[in-house]
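I opened the notebook to look at the inside of this protein.

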Amino acid sequence: MGQAVAKESPTDFPPPVQTREELQEQFKWRLSRLFLIWTVSDLKDFMISTFPLELASYIAEAAPIIHRCLLRLGSFPYQNNPHCTLSLDVLRTGMIILLRLEGSKLLDRDNNEASLFYPDRLSAEQRILLFQSLTESQGTSAGSARNLGDDYHLQKALEIITYGNFKRNVQFPTAVSKGPQYPPPEHFPSSNSTLTSGSIPDDDFRPLLRLMLLTQLYVAGLDPDIFMCSLSEIEAATDRLLAAFLHDGESSTAVSFIAFDKIIGNSMQNAFLGLHRVLGPLHSAKPIPSTTLPSSVTEAQNMLKELFAPSVKTQPPPKGRIMNLPLLSQLSMSLPQDFPIEAPEMFHSSQKVDIKGLKTCLSTTGLARILLVSGKTSQGDAILGAYFPKDSSPASMNMSSVIFQLAPVHRTFHQTEKLLPSKGPDAEDSARLTLALADVSLALSGESSTGTLTAKLNEHTSQELLVDAVEVLSFHGCMVRVDTFE
């Protein structure tokens, strides 16, 4: 390695794979031949250099878990028993897998999980891999015979190596020679692909969730610096997100796989879209805006920040009685990715419940709309609501409609089957508005000056909210999606 080669050798194939270490080297042979070491401090300093200095502490707190994630993913298919150091080739491998730069070819999407509304959602296999990369060290399975599921990631790595294991003839490009035959998966140690016994400490996971809130709206043209005036609201939103993972788990201090898989799969499908803003500078194809290289670290940092200002900038949404910027960031983690999140207009805002006026707002089917209701329950403050895509209304909610609870715990409910139009007296009842998706329903009543909202979030749970504010936001445009890597 490192020597100049005058011409391509006709037998220049990757050497046969014999050990686990050689398997990893062969997998990375397609990705990088350079070696440098990235410590947690190195990664932290680089990420901080691409953000406003006022957010440096938030980046620093999230750096350890991001470093661990990259180190484990870069050790694929042995992420459960990773390398000791994050060399540059390990970093690149981790980046490719984490940001799915390989076009999702590494882990095939589940046939039954494809979605028109959440096209970038993580499949079940991707959720397992991400969870394994975020946990504390969990070792390997012992005392049981391996099966195909245990070797899933190992098989995928071998497939990638085998796919590139050929050589084209320089003089006849259509002539292809195959390389040496690689051993079967049983030849190597198991990748323990089904191992999910570990957990993610909440002290590690919370800073990552907070960083995702700060970067979530970047794809809509809203850079993280717009949050610097609402950091207390970011903290509150982070607590609500974390509570969702702990509420559905077995521990109050760590996130289990069952909770992680359920929440990321059903309630926060877009939770990690902000990683492209966080790690984009490590994979940027953007041209340097100056022909002169920076002469100092400060100058280089300013250049990186300039490079990663959104290519399309939009104005922050108006602050309402309920809606604020961190709440919109939290909400966007659960809404379909074609949701036109930028430049919402306040369609309706009141402390009183005007059922007739709300029905008029929500029946404007040509617009995407969000209904927000805040108030008090016996347990404290709560925010609930619903998302109506274009061409839908309370009487004809479609499959991309969403009912959600934003506080005190983040929860999201989707329709899994085609809905029938609402029936019964509610359609003409001027004092009541009912929204329903599957087994979830919201019933808003305006019989008093403030009104009440009865939320049935499953067959065993029902709560009543004494309403103190109602808002409807409308969205006229189409989603502006900033591509980090263009």
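Which residues line the second largest cavity? I found Ile 65, Ile 66, Cys 69, Leu 98, Leu 130, Leu 134, Leu 208, Phe 272 and Leu 275. The model is predicted, so local features need pLDDT of at least 70 and side-chain atom pairs 80 or more, while totals for chains, interfaces and linings use all residues. Residues are numbered from 1 along each chain as its sequence is written, and side-chain values use heavy atoms, without hydrogens and water.

**Cavity**

I noted three cavities of 30 Å³ or more in the structure. A cavity is a set of points on a 1 Å grid over the protein atoms alone where a 1.4 Å probe fits but cannot get out; lining residues have an atom within 4 Å of a point. I sorted its lining: nine nonpolar, no polar and no charged residues. Helix α3 gives the largest share, three residues. Both α3 and α5 (124-134) supply at least two.

**Cores**

Next I looked up the largest nonpolar core, which has 87 residues. Such a core joins buried Ala, Val, Leu, Ile, Met, Phe, Trp, Tyr and Cys through side-chain atoms within 4.5 Å; buried means under 20% relative accessible area with a 1.4 Å probe, protein chains only. Ile 66, Phe 205, Phe 260 and Phe 272 have the most contacts inside this core. Its largest share, eleven residues, comes from α3 (residues 56-73). I also noted a separate core of 26 residues, including Cys 361 and Phe 413.

Conventions: Buried means under 20% relative accessible area, exposed over 50%, partly exposed in between (1.4 Å probe, protein chains only). Helices (H or I, at least four residues) and strands (E, at least two) are DSSP runs, numbered from the N terminus. On a 1 Å grid over the protein atoms alone, a cavity is a set of points where a 1.4 Å probe fits but cannot get out, and a pocket is an open set with protein on both sides within 12 Å along at least five of seven lines; lining residues have an atom within 4 Å of a point. Grid points are joined across faces, edges and corners, and a volume is the space filled by probe spheres set on the points. Ala, Val, Leu, Ile, Met, Phe, Trp, Tyr, Cys and Pro count as nonpolar, Asp, Glu, Lys and Arg as charged, and the others, Gly among them, as polar.
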